[in-house]
Amino acid sequence: MRIDILSVVPQLLESPLNHSIIKRAKEKGLVEIFIHDIREYGKGNYRQVDDYNYGGDAGMVLMIEPVYNLMNDLKKEREYDEIIYMSPDGELLNQQVSNTLSCLDNIMILCGHYKGIDHRIREHLITREISIGDYVLSGGEIAAAVVCDSIVRLLPGAISDETSALSDSFQDNLLSPPVYTRPAEFNGWRVPEVLLSGNPKLISQWQEEKALERTRLLRPNLLENSGK
Ligand code: ADE
């Protein structure tokens, strides 16, 4: 899979996309992630990429030209399955959206900044808009990193124990059961006995019960259409 991210603040993306599971997935050749600085396509000596908002409201707007030219250069090289704009107006990211995106070959992600982006970009160049939650961030970069992380960990081989991504919270519309590690007792707080029993059947039964119990308690909305 290949992900191209377009940003005016590419530095914001460096750390989140170069550590841990994403770093290992890149090293294993499961994903290539390229970060493009929109400013390199900016106009004039100052590499201008933003301009005043027609209509007079305060705040600068990302211009269409540099974005269009950068996208065009990328599109000359390959076909993109989705060209995503990160925006609080978009469809809410959930596990199902991440699963779907993780099956694609080429994704482009545009991060907004300033007051917004020229609406013609959204009308003519973008195929999908995604929000990571009902709050406004200063730009789309952190949201794009969230999307990348949630996709890359799903790629087969990205996580050493392949079942691990499948047992994540939200796969099945359930939260994960609690997990524990050694010591079996700390400060008088004991790990549930069943987990020490060595009986896989009893353990998975307990895990299913706990997953359901936690979901009922914390996120009952997840169960509404699941038949559980
Ligand atoms: N850009 C600004 N806020 C955002 C959000 N909540 N989700 C995605 N992109 C954003």
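Three strands form an open sheet, in the order β3-β4-β7, with mixed pairing. The edges are β3, residues 50–52, and β7, residues 116–117; each of these pairs on one side only. This is a predicted model, by the way.

How many bridges link β4 and β7, and in which sense do they pair? Strand β4 covers residues 60–62, and the two strands pair in the parallel sense over 2 bridges. Look for Leu-62: the residue opposite, in β7, is Ile-117.

Now to β6. This strand spans residues 106–111. Is β6 mostly covered or mostly open? Mostly covered: 6 of its 6 residues are buried. In a regular strand, side chains alternate between the two faces of the sheet.

Next, the partners of β6. Strand β1, residues 2–7, runs parallel to β6, and 5 bridges join the two. Within β6, Leu-110 stands opposite Leu-6. Strand β5, residues 82–92, also pairs with β6 in the parallel sense, again over 5 bridges. There, Ile-84 has Ile-109 as its bridge partner.

On to packing. In soluble globular proteins, nonpolar side chains tend to be buried together. Here the largest nonpolar core has 26 residues. Which members touch the most others? Ile-3, Ile-5, Leu-17, Val-31, Met-86, Leu-101 and Ile-109. Several elements give two or more residues to this core: β1, α2 (20–27), β5, α4, β6 and α6 (141–152). The largest share, 7 residues, comes from α6.

Zoom in on Leu-17. Set aside its neighbours within four places in sequence. Leu-17 is then in contact with Ile-5, Ile-22, Lys-26, Ile-33, Ile-35, Ala-145 and Cys-148.

There is also a second, separate core, of 18 residues. Its members include Val-67, Leu-74, Tyr-80 and Ile-121.

To recap. Ile-109 of β6 is the bridge partner of Ile-84, and is among the residues that touch the most other members of the largest core. That's my tour.

Conventions. Residues numbered from 1 in each chain as written. Predicted model: local features only at pLDDT ≥ 70, side-chain atom pairs only at ≥ 80, totals over all residues. Heavy atoms only, no water. Buried < 20%, exposed > 50% of the residue type's maximum accessible area, 1.4 Å probe, protein only. Helix = DSSP H or I, 4+ residues; strand = E, 2+ residues; numbered from the N terminus. Pairing = 2+ DSSP bridges. Core = buried A, V, L, I, M, F, W, Y, C linked by side-chain atoms within 4.5 Å. Contact = heavy atoms within 4.5 Å.
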